[in-house]
Amino acid sequence: MGNDTEQKLKIAIVILNWNGKKLLEQFLPSVIEHSKEATVYVADNASTDDSVNFIKTAFPLIKIIQNTENGGYAKGYNDALKQVESDVFCLLNSDVEVTKNWLTPIINTFKNEFNTAIIQPKLLDFNKRDYFEYAGAAGGFIDKYGYPYCRGRIFNTIEKDNGQYNDTSEIFWASGACLFIRKYVFNELNGLDEAFFAHMEEIDLCWRAKNKGYAVKYVGQSTIYHVGGATLSNTNPKKTFLNFRNSLFTVTKNAQGNIFLIILMRLILDGLAGIKFLLEMKPKHILAILKAHISFYSHLKQLLAQRKANKKKMSYSKINSIVLCYFLFKKQYFKSL
């Protein structure tokens, strides 16, 4: 591994692209301008638009990796990162604007903290720039039943950035919108779990890293602006399906305690979510939750085998139920939890 303080850390920023020419046109210039310390790659997930030709023409210095299929976020990155030589990977969404000197605090943290394996910067909303962004805000946590929430964002309540999270602190998961990870840790974990396809695989990755004793950090001195929902918006039932199913995948693989009791409680809580969608007249989202559970049970045998192989399971939840805290006790801000 070597001593990071004595050598320059090689950073590779890898942007996964699928038919995202317009996003690349809009956001690649900021990444190139403010990331002189890194090598920038675009990993193309078998796009059918002319993204690749556009990059070759407009940004000839950008390295291009061409995946043979659209395997989603997880497989897309797993395939691409095998071709990248670096000390640290930055998995960056194509709809992110970075800022001046955004890499410096992150590089310094990696150099000074050898046990820190994964880092997330401050995620602000590209369209409402003084607010945190849904996908990761100021770093993620989960409750006992696998429901995720963030400092700065619980369900749909999003905080204004008043400098309250300008710290560097340990978090449970880093957002896949912008996730830095040491290469050797990524390889030790065998990368992202491809069964997820997209959504929540970063939570699973961070959880597995923490189970091995590594730290996951939020570095608030580094700021980026994320559009969010550029591939799948929050109103898309497919996103509902992936979020509910993959949350069940994650908790089954990694959680401490009696997993069958956790699954039973999840059935009840997900049923309540279904009732909420019913009251909101969103039948497609109710169907998405049902499909998520059916898909989950079809994968259960494999997930339980992964759980058995996962010998060390660390304490992971600060609270029992974010659902009850938020909807019943009206605790809508992180500081009130």
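Predicted model: local features only at pLDDT ≥ 70, side-chain atom pairs only at ≥ 80, totals over all residues.
The crossing of H7 past H9 is right-handed. On the H7 side, the residues that take part are Pro237, Thr240, Phe241, Phe244, Arg245, Leu248, Phe249 and Thr252. They meet Lys284, His285, Ala288, Ile289, Lys291, Ala292, His293, Ser295 and Phe296 of H9. Sorted by class, this contact between H7 and H9 comprises 9 nonpolar, 5 polar and 3 charged residues.

The discussion now turns to the nonpolar cores. The largest of them has 79 residues, and within this core Ile118, Ile181 and Tyr316 touch the most other members. Apart from neighbours within four places in sequence, Ile118 is in contact with Phe110, Ala174, Leu179, Phe180, Ile181, Cys206, Ala209, Ala215, Val216 and Lys217. There is also a second, separate core of 31 residues, with Ile11, Cys90, Trp102 and Ile106 among them.

Lys183 belongs to helix H5, which covers residues 183-188. Is Lys183 buried or exposed? Lys183 has a relative accessible area of 16%; because buried means under 20%, this residue counts as buried. Its side chain forms a polar contact with the side chain of Glu85, at 3.0 Å. When residues up to four places away in sequence are not counted, Lys183 touches Val84, Glu85, Ser86, Asp87, Val88 and Phe89.

Technical notes: Residues numbered from 1 in each chain as written. Heavy atoms only, no water. Helix = DSSP H or I, 4+ residues; strand = E, 2+ residues; numbered from the N terminus. Buried < 20%, exposed > 50% of the residue type's maximum accessible area, 1.4 Å probe, protein only. Polar contact = N/O pair within 3.5 Å; in protein donor to acceptor, adjacent residues only side chain to side chain. Contact = heavy atoms within 4.5 Å. Left-handed = near helix turned anticlockwise from the far one by under 90°. Nonpolar A, V, L, I, M, F, W, Y, C, P; charged D, E, K, R; others polar. Core = buried A, V, L, I, M, F, W, Y, C linked by side-chain atoms within 4.5 Å.
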